[in-house]
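User: I'm new to this one. Can you walk me through it?
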Amino acid sequence: MSDRVIELQGVSKSFGDFQAVKSADFSIRRGEFFAMLGPSGCGKTTTLKMIAGFEQPTEGQIVLEGTDVSAVPPHKRNVNTVFQQYALFPHMSVADNVAFGLRAKKVPEPEITTRVGNMLDVVRLGEFARRRPAQLSGGQQQRVALARALVNLPSALLLDEPLAALDLKLREAMQIELKRIQREVGITFVFVTHDQGEALTMSDRIAVMNEGVVEQIGTPEEIYNRPESLFVAGFIGSANLLPGHVRESTADGCVVELLTGQKIAATGRHGVGDKVSVMLRPERLHPVAEQPAEGFGLHGTVTSVIFQGAWLRVVIELPDGTELSAEADADSDLPSLRPGQQHWVAWSNTAAYALAGWPDRAGATGLDVDHVEAGL
């Protein structure tokens, strides 16, 4: 049995002159939680619909369990889809909603009773079997929709932003619950979202999409710590991006001379003279009382200190006007950590990462609302 459940082979999708997906070429493994992540309009939902059969590719092939299903209608593909709207039957009980697909397939009633009971136990709704959907919370309704899809034992479950309608606390709880359910049933989950936190929390691997192109596929750690493009670096979480040129190659990476003149030691392989951007994540950039070692710190003026619970978000403006975002413990006793004061920020010897190209705007991503809006 192949380890690949779903394969996209050179898949493109056009709507008239608009190309929504451009030459997607990747596979999704058996039993993994795979996320497709990107801003609105990047092509992730169109890709999911092509896997489900609701859209046909303009070019390329969709392969499911080793069979080309590009022209196969949705009801003949062994995949099920859960949308933002759960579409539960209001006049049916929870158990009957879950059993609906099995009854449509003429599964014997004793087997239906067993499978429905087992699946309701998996989603922790066994005691709610006789209730109607209107008597359930949003999170419970979502779990009914999941149970209804999973009870048919599909090769893959496709989820199109199913958490979007939930409030923050419930959404965070459901992230953990979805991961638990996926691990317990062992079925491949393909999850579409624009929320970086959801993707990082739940996924085994993530495909980051932008303007119809798959920019990078990797584990959450790879995507976050070693992005392959400036878009990925800026879209996943927050980042400080500082442009410069490589002046020296080292055993561990390179030495970058920033456009402001400072030199920074960074990981990442690049040739001497290359245009690169040094990425420093805010949580790895900290205000310090003493001047750090050369290549591991920058000096500027504190412009903002924002209380965020367990930590402080500190904005530092460099002499050339570039803004950096850093973090400090909420109980920090640094006396100069207030707006208008000069301060150093420092990082560890593995925190700086160099990637090819220069950003449209140097400094912290996420501080300028117009820049963020343009990126989305």
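Analyst: One term comes up at once: two strands count as paired if DSSP finds at least two bridges between them. The model here is a predicted one. Strand β1 (residues 4-15) and strand β4 (residues 59-64) are paired, antiparallel, over 5 bridges.

User: Which residue stands opposite Gln9 in β4?
Analyst: Gln61 stands opposite Gln9 there.

User: What is the strand order in the sheet with β1 and β4?
Analyst: The order is β2-β1-β4-β5, an open sheet of 4 strands with antiparallel pairing. At its edges stand β2 (18-29) and β5 (67-68). Each has a single partner strand, so one side of each lacks a neighbour in the sheet.

User: What holds strands of a sheet together in general?
Analyst: Strands of a sheet pair through backbone hydrogen bonds, in a parallel or an antiparallel way.

User: Back to this model. How many bridges are there between β1 and β2?
Analyst: There are 8 bridges, and the pairing is antiparallel.

User: Which strands does helix α1 lie across?
Analyst: Helix α1 (residues 44-52) lies across β1, β2 and β4. Its direction is at about 120° to that of β1.

User: Switching to β17. Is that strand mostly covered or uncovered?
Analyst: β17 (residues 311-317) is mostly covered, with 5 of its 7 residues buried.

User: What about its pairing with β16?
Analyst: Strand β16 (residues 297-307) pairs with β17 in the antiparallel sense, over 6 bridges. Val302 is opposite Ile316 in β17. The two strands form a hairpin with 3 residues between them, and in the turn Gly309 has a positive phi of about 90°.

User: And how many bridges join β17 to β18?
Analyst: 7 bridges join β17 to strand β18 (residues 323-329), and the two run antiparallel. Glu317 stands opposite Glu323 in β18. This is also a hairpin, with 5 residues between the strands. Gly321, in the turn, has a positive phi of about 95°.

User: New topic, His245. Where is it?
Analyst: His245 is in strand β11 (residues 240-249).

User: Why does His245 count as partly exposed?
Analyst: Because its relative accessibility is 22%, and the partly exposed class lies between under 20% for buried and over 50% for exposed.

User: What is His245 in contact with?
Analyst: Leaving aside neighbours within four places in sequence, His245 is in contact with Val255, Val256, Glu257, Leu259, Gly273, Asp274, Lys275 and Trp358. As for Trp344, His245 is 99 residues from it in sequence and 23 Å from it in space, C-alpha to C-alpha.

User: Last topic, the nonpolar cores. Which residues touch the most other members in the largest one?
Analyst: The largest nonpolar core has 38 residues, and Val116, Leu120, Leu157, Leu159, Leu178 and Phe189 touch the most other members. Two or more residues each come from α2 (94-104), α3 (109-122), α4 (138-150), β7 (156-160), α5 (168-185) and β8 (188-193). The largest share, 6 residues, is from α4.

User: What does Val116 touch?
Analyst: Not counting residues up to four places away in sequence, Val116 touches Ala95, Val98, Ala99, Leu102 and Val151. Apart from this core lies another, of 27 residues, including Leu242, Leu285, Ala326 and Val345.

Conventions. Residues are numbered from 1 along each chain as its sequence is written. This is a predicted model: local features need pLDDT of at least 70, side-chain atom pairs count only at pLDDT 80 or more; totals for chains, interfaces and linings use all residues. Side-chain values use heavy atoms; hydrogens and water are left out. Buried means under 20% relative accessible area, exposed over 50%, partly exposed in between (1.4 Å probe, protein chains only). Contact means heavy atoms within 4.5 Å. Axes are lines fitted to C-alpha atoms, for helices over the stretch in contact, and angles run from 0 to 180 degrees between N-to-C directions. A nonpolar core is a set of buried Ala, Val, Leu, Ile, Met, Phe, Trp, Tyr and Cys residues joined through side-chain atoms within 4.5 Å.
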